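I opened the model today to look up its overall build, its sheet pairing and one of its helices. My entries follow the order in which I went through them.

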Amino acid sequence: MTVQWPQTTAAAFGNDLIYATHDLHKRDVFSDEGIIRILDEFPRDQLAIWKFGGHSEGLGESIRGQAPKASGAEIMEAVRSGKFWLNVRRSNLLLDYMAEIGQEIFGSLEDATGRKTRKQDMGLLISSPGIHVNYHLDIPIVALVQIRGEKTLWLYPNDDIHAPADQIEDIVHMRREEDLPFRDGFDDNAIKIDLKPGMALTWPQAAPHRVQNADCVNVSLSCEYMTLPALMKANAIYTNGILRSQFGMNPQTARKLTPMNMSKAVAAQALKKITRHKPINKSTPPTFELDLSAENYARPL
Ligand SMILES: [Fe+2]
């Protein structure tokens, strides 16, 4: 067994939260030594390092860091004793042994759903005890595989209240990071999930969520992927962003694959060619360096 999805997965896929079980947490690659090896071998300039400000209403605080000099063991120590959230992004594309694990997971999803997965991106998330990941959404579909530690995930409806159309469009156009403003009342509509090693789940595309780690280091695989309908919806949202920002229109978010949204997805291909020469990227620049000798292991840049 790698990941065991239920028999009902194909019917529920795209609309419902789907739980699975797995045995990946028993692999040596995810031991402390294994993770230190990954941190040492992974291209350091590709490693995402963040600090978050804690859970509150509004837009969560977040600052990005870098670790060009620290060893894998030092980074792991900073995660263990400090407050950091790391993403070994696209680990399946950059490390051979992670590629094999990615194939097992994405293969299990394809077998269970009967759909081809595209743009496979398996991030290894390594995060500190007690850290809270801000309210946000991901444009691809996500399968989250819990490897070590325990955490609570709150999953919210993908609707105009919890994920306003203009903000999703800004995320697709890379005019903002994935964080969204949170309201306390949102929790009334959330599904709360306590994650433990051996659990995995996938949820409908672009559903907002937030995560609270228990008082332990957490290691998870965040497996992002697209299906053809998911890719078309993302492209329709891209076109909506242009209709809103350049033509003053107020299009509805593409949550279903209607004929109109399919037309918008086709239009996005042409629009991307036109706008390719002027990329808009508002990603956050790094403002600290991870350094064990600095206060809270973060030296301001
Ligand atoms: Fe996420």
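What percentage of the 301 residues of the chain count as buried? I find that 38% of them do, where buried stands for 20 or more other C-beta atoms within 10 Å of a residue's own, exposed for 12 or fewer and partly exposed for the range in between, with C-beta atoms placed from the backbone.

I note that this is a predicted model, in which local features need pLDDT of at least 70 and side-chain atom pairs count only at pLDDT 80 or more, while totals for chains, interfaces and linings use all residues. Residues are numbered from 1 along each chain as its sequence is written.

**Overall build**

I looked up the secondary structure and found eight helices and 15 strands, taken as DSSP runs numbered from the N terminus (helices are H or I with at least four residues, strands E with at least two). The radius of gyration, taken over C-alpha atoms, is 19 Å, close to the 19 Å of the globule rule (2.2 Å times the number of residues to the power 0.38), so the chain is as compact as a globular protein of 301 residues. Along the principal axes, the C-alpha atoms fill a box of roughly 55 × 45 × 40 Å. For contacts (C-beta atoms, placed from the backbone, within 7 Å), I looked at pairs with a separation of 6 or more, and residues 24 or more positions apart account for 82% of these.

**Strand pairing**

I traced an open sheet of four strands in the order β7-β12-β9-β10, with antiparallel pairing, two strands being paired if DSSP finds at least two bridges between them. Its edges are β7 (132-136) and β10 (191-195), each of which has a single partner strand, so one side of each is left without a neighbour in the sheet. Within this sheet, β9 (residues 151-155) and β12 (residues 209-213) are joined by five bridges, and T152 has Q212 as its bridge partner in β12.

I then turned to β11 (residues 199-203), which pairs with β2 (residues 18-22) in the antiparallel sense over four bridges, with Y19 opposite L201. Four bridges also join β11 to β8 (residues 141-148), again antiparallel, and here V145 stands opposite A200.

**Helix α7**

After α7 comes G248, whose phi is positive, near 65°.

Definitions and conventions:
Contact = placed C-beta atoms within 7 Å.
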